Amino acid sequence: MRQKVGVRFVVCVLVLTLGVVLSGCSNDPLAKQYRSGTSQNYIAGDGRVVEFAPAEREPPVQFASAVEDGSAVASHDYEGKVLVLNFWYAGCPPCRAEARDLQKIYEDFAPEGVDFLGVNVRDQPATARAFERTFGITYPSAIDGDDGTMQLAFTGVVAPSAVPTTLVLDKQGRVASRILGRIPDASVLRSLITTVLAEKAPSS
């Protein structure tokens, strides 16, 4: 009898504890996804765009990583250029949906000196390369799943687990704009890039 009472007590405590945890997480996006019954293990952003005026931008972001073939890549490689960063992984449906738009925008702006760099947050190089072949992606991606150095470098700018996220960095390496979630329309990213391209270089 004592054993049955003890088991019931433990179960009651666990149920109450779980209720407190879930109520405490009621405003958390992952908690909302869980309660909605979806099986996705990422936060799909809503495509919200945030722009930062030049005077409001944080200092340049310094980063270093390696791309699919093991080659090193770092922030200093893009000095004086507008850089578009796209955080993604192969199993992410909105990443797949926007992949061809990103490639087309890259091709259109490359002659103007705009660079693109993907940041694969989860996959190994072979998986990333297979994705790129499928969607015709020709710009490189940093492989960030093992050490998370790129995500760490952009902490406070890229929401944790918000995939995809696209950033536009100005010619000084500062974050000029952010799209959290799938690009709502290709014209939106084009406009953000064009705005930063048109900015005058800072006076020395």
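Two residues are in contact when heavy atoms of each lie within 4.5 Å. Keep that in mind for the first close-up, and remember that this is a predicted model.

**Close-up 1. Glu132, a buried charge without a salt bridge.** Start in helix α4, which covers residues 125–135 and includes Glu132. This glutamate is buried, yet no salt bridge goes with it. Which side chain of opposite charge is nearest to Glu132? That's Arg129, and it is 6.7 Å away. As for neighbours, leave aside residues up to four places away in sequence, and Glu132 touches Glu68, Trp88, Ile137, Tyr139 and Ser141.

**Close-up 2. Phe131 and Phe135, two rings in helix α4.** Phe131 and Phe135 make a tilted aromatic pair, with 4.7 Å from centre to centre and 40 degrees between the planes. They sit four residues apart in the helix, which means about one helical turn separates them. Why does that spacing matter for direction? An α-helix has 3.6 residues a turn, so residues three or four places apart point the same way.

**Close-up 3. Phe116 and Tyr139, a ring pair across the sequence.** Searching the whole structure turns up eight aromatic pairs, and here is one of them: Phe116 with Tyr139. Their ring centres are 5.4 Å apart and the planes meet at 50 degrees, so this pair counts as tilted. Phe116 belongs to strand β5 (residues 115–120), while Tyr139 is in the loop between α4 and β6 (141–143), so the pair ties together parts 23 residues apart in sequence. Phe116 has 2% relative accessibility, so it counts as buried. Tyr139, at 6%, counts as buried too. Elsewhere, ring pairs join Phe63, Tyr78, Phe87 and Phe154 into a cluster.

**Close-up 4. Asp170 and its two arginine partners.** The structure has six salt bridges, and Asp170 takes part in the one with Arg57, where the closest N and O atoms are 2.9 Å apart. Asp170 is in the loop between β7 (165–169) and β8 (175–181), and Arg57 is in the loop between β1 (46–51) and β2 (64–66), so this bridge ties together parts 113 residues apart in sequence. Arg174 also bridges to Asp170, again with closest N and O atoms 2.9 Å apart. Asp170 and Arg57 are buried, and Arg174 is buried as well.

**Close-up 5. Lys81 and Asp115, another salt bridge.** In this one, the closest N and O atoms are 3.3 Å apart. Lys81 is in the loop between β3 (72–74) and β4 (83–88), and Asp115 is in strand β5, so the bridge links distant parts of the chain, 34 residues apart. With a relative accessible area of 34%, Lys81 is partly exposed.

**Close-up 6. Helix α6 and its buried face.** Helix α6 runs over residues 186–197, twelve in all, and spans 17 Å from first C-alpha to last, close to the expected 16 Å. Its buried residues are Ala186, Leu189, Leu192, Ile193, Val196 and Leu197.

Notes. Residues are numbered from 1 along each chain as its sequence is written. This is a predicted model: local features need pLDDT of at least 70, side-chain atom pairs count only at pLDDT 80 or more; totals for chains, interfaces and linings use all residues. Side-chain values use heavy atoms; hydrogens and water are left out. The expected span of a helix is 1.5 Å times one less than its number of residues. Buried means under 20% relative accessible area, exposed over 50%, partly exposed in between (1.4 Å probe, protein chains only). The arc is that of the directions from the helix axis to the C-beta atoms. Lys and Arg count as positive and Asp and Glu as negative; His and the chain ends are not counted. A salt bridge is a side-chain nitrogen of Lys or Arg within 4 Å of a carboxyl oxygen of Asp or Glu. Rings of Phe, Tyr and Trp (its six-membered ring) pair if their centres lie within 6.5 Å; planes under 30 degrees apart count as stacked, over 60 as edge-to-face and the rest as tilted.
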